[in-house]
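This report describes charged pairs and surface patches in a protein chain. Please keep the sequence and the structure in view while reading.

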Amino acid sequence: MLVILQRYERFVSRSTPNITIINKYLSDEEYDSILKSTKYMLLPYNEKYSAASSGVIFDILFNGRPLITRDFLNFHFVKEYGVGTLYTESIAELDYDTLLDDENVAATCKKIDAFLEDNYQSGLRLRNYIMGE
């Protein structure tokens, strides 16, 4: 537990006006409000998640927001569909001027809409196949 606390304190010490750290339980309403109000959502997963999935990623996408996360094989759809940005080792690799540009964010949000529509249609086709329709 001490290691987790130390990591949290180190993270908080690096905060900037552009990053808000919320260390508390969020109600569903607070969670949804935060997702909808962000320009990007940063998910700094470590190697433990390199072969796992993340429901939070889909929460972010279903709320139409771009994401930033590690370049793990299971997250390659982020790059493939252009619904966010992947980094290899550190967020210091990112070009913040391009990333935070309003036109870039808007273009990424349009790609999220297309991704969601495409996957919705795929789900309908699968449902219809299963139902024999």
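Is K39 buried, exposed or partly exposed? K39 counts as partly exposed because its relative accessibility is 34%, where buried means under 20% relative accessible area, exposed over 50%, and partly exposed in between (1.4 Å probe, protein chains only).

The model is predicted, so that local features need pLDDT of at least 70 and side-chain atom pairs count only at pLDDT 80 or more, while totals for chains, interfaces and linings use all residues. Residues are numbered from 1 along each chain as its sequence is written, and side-chain values use heavy atoms, with hydrogens and water left out.

**Salt bridges**

Side chains of opposite charge can pair when their charged atoms come close. The structure holds three salt bridges, a salt bridge being a side-chain nitrogen of Lys or Arg within 4 Å of a carboxyl oxygen of Asp or Glu.

| E30 | K24 | 2.8 Å |

Helices (H or I, at least four residues) and strands (E, at least two) are DSSP runs, numbered from the N terminus. D102 is exposed, with a relative accessible area of 55%.

R70 is buried at a relative accessible area of 7%, whereas E47 counts as partly exposed at 47%.

In the pair of E30 and K24, E30 is partly exposed with a relative accessible area of 30%, and K24 counts as partly exposed at 49%.

**Surface patches**

Patches are made of residues with over 30% relative accessible area and no salt bridge, with like charges joined within 9 Å and nonpolar side chains (Val, Leu, Ile, Met, Phe, Trp, Tyr) within 5 Å. D95, D97, D101 and E103 form a negative surface patch; among them, E103 lies in helix α6 and counts as exposed at 65% relative accessibility.

A nonpolar surface patch is formed by L126, Y129, I130 and M131, which together have about 520 Å² of accessible area, computed by the Shrake-Rupley method with a 1.4 Å probe. Y129 is placed in helix α6 (residues 102–131) and counts as exposed at 70% relative accessibility.

Key: Lys and Arg count as positive and Asp and Glu as negative; His and the chain ends are not counted. The place of a charge is taken as NZ of Lys, CZ of Arg, CG of Asp or CD of Glu.
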